[in-house]
Every structure is written in structure tokens, then in C-alpha cells.
Amino acid sequence: MNYLFAFGCPRSGTTALGHVLNRHPSVALGIERFKHIAMSRRVTEFGPDLFEQARFLDIRHDDTNTTRQNEHLAQKFASGRPIRIIGDKIPRLYHRMTQLRSVFPEAQLVVIFRDPLDVALSW
């Protein structure tokens, strides 16, 4: 399995980027699927086991607060098309770059940049 993580400054378009990446039939990208794990003291739990199909589709309240945005994942796996790339979109994941690279050394990282003034005005 190949891993993909998308991140950037909050309000920079990371969710839109995640939706675009999910348009590919071989990509299953969570939308802040494991943000409560990755961005907390539980970061040591953020590893490949979370991205095994059964666990990835088992959305728990202590994983995320974006349950509805991840409902598409079950449909994607049920389509019968092979999922070759799996991952998560978590805006502030850049805070965990060292841990991310040590646990997922071969992962592809997609970073989105947006003009800081536009980000500020979007709030």
C-alpha cells in the first residue's frame, strides 16, 4: 500500500484538495480521518495499522469530528476497484513532520500554499 498525506495552513484549501485527490478511483483519502490521534498526545498510535481497511472504515468519535466527511470511504472500498493509495488530509500535520516521516518514510506528501492575506480574510 502507498500512503499519501495532504496538509497546509488551515483555511488554505486543504479540504478542497482532499476532495480533488479522492476523485481518483485508486485513492482513499480521509478528510481529517485521524486528526484527534495525529494531533494529540496519542500521536504514537498514528501508524500503518490505522490505514488497514477494517480500521480505516471504523470511524470512532475519538478519531475525528468529521464523520460525515468520511462517509465516502466505505463506498470507495465497496466499489470493487483496487485502492492503491490511502491516507489522510489533516491541515496541521506539518507539526508532526518528524513523526510522519519516521513512521511513513515512503509516503507522498502534498502541501497546499495560499496567500496569507487570503487565509486571514477567510476567517
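**Entry 1: aromatic pairs.** I began with the rule that rings of Phe, Tyr and Trp pair if their centres lie within 6.5 Å. In this predicted model, I found 12 aromatic pairs. I then looked up Phe5 and Phe51: their ring centres are 5.7 Å apart and their planes stand at 85°, so I recorded the pair as edge-to-face. Phe5 belongs to strand S1 (residues 2–8), while Phe51 sits in the loop between helix H2 (35–38) and helix H3 (53–57), so this pair ties together parts that are 46 residues apart in sequence. I noted Phe5 as buried at 0% relative accessibility and Phe51 as buried at 4%.

**Entry 2: a tilted pair.** Next I examined Phe34 and Phe56, whose pair is tilted, with 6.1 Å from centre to centre and 45° between the planes. Phe34 lies in the loop between strand S2 (27–31) and H2, and Phe56 in helix H3, 22 residues apart. Phe34 is buried at 0% relative accessible area, and Phe56 is likewise buried at 0%. I also noted one aromatic cluster, which includes Phe5, Phe34, Phe51 and Phe56.

**Entry 3: Arg33.** Which ring does Arg33 lie over? I found Arg33 over the face of Phe34, at 4.1 Å from the ring centre. The side chain of Arg33 also meets that of Asp63 in a salt bridge (3.0 Å, N to O). Asp63 is in the loop between H3 and helix H4 (72–78) and Arg33 in the loop between S2 and H2, so the contact ties together parts 30 residues apart in sequence. Asp63 is buried at 0% relative accessibility, and Arg33 is buried at 0% as well.

**Entry 4: strand S2.** I checked S2 and found 5 of its 5 residues buried, so the strand is largely enclosed by the rest of the structure. Val27, Leu29 and Ile31 cover one side, and Ala28 and Gly30 the other. In general, side chains of a regular strand alternate between the two faces of the sheet. S2 runs parallel to strand S3 (residues 85–89), joined by 5 bridges, and Val27 stands opposite Ile85.

**Entry 5: further salt bridges.** I recorded 7 salt bridges in the structure. In one of them, Lys89 meets Glu32 at 2.9 Å, N to O. Lys89 is in strand S3 and Glu32 in the loop between S2 and H2, so the pair ties together parts 57 residues apart in sequence. Lys89 is buried at 0% relative accessibility and Glu32 is buried at 12%.

Methods
Residues numbered from 1 in each chain as written. Predicted model: local features only at pLDDT ≥ 70, side-chain atom pairs only at ≥ 80, totals over all residues. Heavy atoms only, no water. Phe/Tyr/Trp six-rings, centres within 6.5 Å; stacked < 30°, edge-to-face > 60°. Helix = DSSP H or I, 4+ residues; strand = E, 2+ residues; numbered from the N terminus. Buried < 20%, exposed > 50% of the residue type's maximum accessible area, 1.4 Å probe, protein only. Lys NZ or Arg CZ within 6 Å of the ring centre and 35° of its normal. Pairing = 2+ DSSP bridges. Salt bridge = Lys/Arg side-chain N within 4 Å of Asp/Glu carboxyl O.
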